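Work through the following exercises with the sequence and the structure open beside you, and try each task before you read its solution.

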Amino acid sequence: MPDSLSSQDYVIHARGLTKRFGAFAAVDGVDFDVAAGEAFGFLGPNGAGKTSTMRMIGTVSPVTAGTLTVFGLDPAHHGAQIRSRLGVVPQADTLDNELSVLENLLIYGRYFGLPWREARRRAGELLDFVQLTERSGDQVEPLSGGMKRRLVIARALINEPSLLLLDEPTTGLDPQARHLLWDRLYRLKQRGVTLCLTTHYMDEAEQLCDRLVVMDKAKIVAEGSPRQLIERYVTREVLELRFNREAGAGEATGEGVNLDSQLEGLADRIEHLPDRLLVYTADGDATAAAAFERGLRPASILVRRSSLEDVFLRLTGRSLVE
Amino acid sequence: MLALRLSAPAALTRPTRMVERNLLVYRRTFMVIFSGFFEPLFYLFSMGFGVGALVGAVQLENGSSVPYAVFVAPALLASSAMNGAIYETSNNFFYKLKYAKLYDAVIATPMSLSDVARGEILWALLRGSLYVIGFLAVIAVLGIGGLGLISSPLGILAFPAAMVVGFGFAGAGMAASTFVRKWQDFDILQLAIMPMFLFSGTFYPITAYPPALQVFVQCTPLYRGVHLIRALTTGTPDVWMVADVVYLVVMGLIGLAIVSKRLNRLLLA
Amino acid sequence: MTAGAPVAARRGLLVGLTSHPSFRFLEHDLLVFRRGWHSYILSGLSQPFLYLLSMGIGLGYYVNRNGGVPGGVPYLNYIAPALLVTQAMMAASAESAWPLMNKIAWDKTYLAALNTPLGATNLLAGDLMWIAFRAVLISVLFFAVILLFGAVSSPLAILAIPIALLTAISFAAPIMAFTATQKTDQPFNMLFRFGITPLFLFSGTFFPIDNLPLFVRPLAWFTPLYHGVSLARSFSLGQVDPVADLIHVAVLCGFVAAGLVAARITFRRRLEV
């Protein structure tokens, strides 16, 4: 981030941002900036404070302490003005089940003060964009989870926002629906819409985010692009080893220590998960061969690229999805 | 200055968008709304004419004697305005607030929670006005047929008067609903509504009560509504009508203020 | 051993009866009831109290002053048994509509039960027993309040309780049959607005149906509520007319029987597919 930018130049600017519910701090003094046109992500497990941060940005939750500006405006005083330029995709769908697909978009446009004719025009385009045109007259209830999510995204775009807030956009969707959704979000980004999203899926963060912060227990623990974070905190590759516990000899006690000593010098770092061993190394295949030479006989061997999941494990000692 | 001039019309037009939303919904279930028009009429025929034949004439507060139907019709109009407002702002509002999560979506737009509260009350009044007009129209037709239930030109003011009753109860009912946590809690609300319906000088003059009880009943909102509308339809105006209007309008405004405050606490945590 | 045998046999008979699968679903309803019983008792006592006070005594004062109802009984005594039957009927009707729809379509309690040895007919019978239980509870509480007001003219008045039960089922059974054919709860609004509420107002509860216009009077004959109200009133006032009362009972039984047959068919059609 160049230092020459002032808080006015960022779409979102936060310093020491804090949200407390009674004695409990949901967000504890976080700093971040989101520039126009970028896709910015909050990565972290459930309860890390992502949703609370998003609700403060969306001006539906008052800031307890610290500074927050959105479009250079203070949410406490210019809530309606901020919201008029904002698109929000909340974690729960909050669609109007008493209205049809099209009517959901129309009335939402009306909430933004669009004339009916304009709301109708945009709704038509947006249904096309999220591929729901043929369901436009249907009730919302019977739509699939993926369709509802797409409809919520279309709804969030009815006011042609310059900033789109997405809270866990693909949680609970099947892989096909997720990829379709990612594709639409990617197109929005290409059109210059600033995306700000939360996720606990590392693949989603890698797919969508130019830059992200890793949140854990109400604090930001790291910041950078997905590539930067991986380079900074973990090795290029991971060797995943599984051992057949029943067949192995002398593994019941002191197994970890035993394996660690056998792998001595072969890895940068070793993580013990309940069901497998993660060996961080620059070249997974070479390490696997070396381990084999030393007499290790794992039940299965997998070599893969390091991911944000590994970054999170390194930073917090825990998995993202528990 | 500019901001002020711009925000004034928005504060007026934004609540109407909640009304538009409800119109979109009820476009499909028009019969449900339309049929509500019959309920006060059924009561009018049952009480006014069926029971009326048993009761004969009753005395108004000014001592003049009128047929029972003339006595009970304005009270049924006031009760119907109360019940309509309460129904819309209790069950329907609670459903939208807690189950449909409608307002969670609305607050992500430039609409404020005051806009939501005003809009929903406006909707309750519009819906109620349909029934009031229908009820008054039937009374007018009966009048042409020789069963005159309105004995004064002041009766035309029964329409705005019923709207005032509706506003008072809509504000109070919606305020109460923001404190409700589960459906069964509405039983408590009914425990206040039903006695008012039965004892507020609705079905018989409150002169039947001991003086202390009379004063108590006179302090209840439905009694004020009944008094107001009855004074207009029977052509017996008195100064207490000012108290009726002030009482009900203030009750509605206080309710509205509580609603805005409570919604902010519930939705903007 | 031998001395205990008859006891065991008797208990065996009771177990044999209540072990019928239909009782399993009644138990479900009673478990739910156990959590909210105090609100049932509260409204079961407050409603009759408020109605009898307002209509019976308040409005009654003006009716009695004007010559009263035909037969010369106080207005309170006239409406008390009728209101008792009406309240049981209204509760049974409501219970056969929305809560039943909930079990069939919304919470789908029935679908879970159908995965057990219970069949559609057991669910129907179980829920009918539950509605009967509610009707009796309401009637007993109502009767207690009537006694409190001293609004009874004959010991036969207590028969209002079984009559209310019969009337309640004569409504519940056909409405349950109807509910099982519906996809949404919208028709219920119509049913109550144009069916149940007018019946409450025009079936002779508050005034003799002779006060109705001539052309509507025959309509009352076709509604079970009129028969229930007339029956309860005739016993309560000690004005028993064997022929008329037998006709009333026969009509009510007819509605019950027709409703049961219809409900059995629609339940099986809806649930056993």
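**Exercise 1.** How many bridges join strand 1 of chain A to strand 2 of chain A, and do the strands run parallel or antiparallel?

Solution. This is a predicted model, in which local features need pLDDT of at least 70, side-chain atom pairs count only at pLDDT 80 or more, and totals for chains, interfaces and linings use all residues. Residues are numbered from 1 along each chain as its sequence is written, while chains are lettered from A and ligands numbered from 1 in the order in which they are written.

Begin with the terms: helices (H or I, at least four residues) and strands (E, at least two) are DSSP runs numbered from the N terminus, and two strands pair if DSSP finds at least two bridges between them. Strand 1 (residues 10-21) and strand 2 (residues 24-35) of chain A are antiparallel and joined by 8 bridges. As one example, A:Lys19 has A:Val27 of strand 2 as its bridge partner. Finally, these two strands of chain A form a hairpin with 2 residues between them, and A:Gly22 in the turn has a positive phi of about 65°.

**Exercise 2.** Find which pair of chains shares the most contacts.

Solution. Two residues are in contact if their C-beta atoms, placed from the backbone, lie within 7 Å. Of the 2 pairs of chains in contact, the answer is chains B and C. Chain A touches chain B through 21 of its own residues, which meet 19 residues of chain B, and helix 3 of chain A gives the most to that side, with 5 residues. Chains A and C, by comparison, have no contact, and their closest C-alpha atoms are 13 Å apart.
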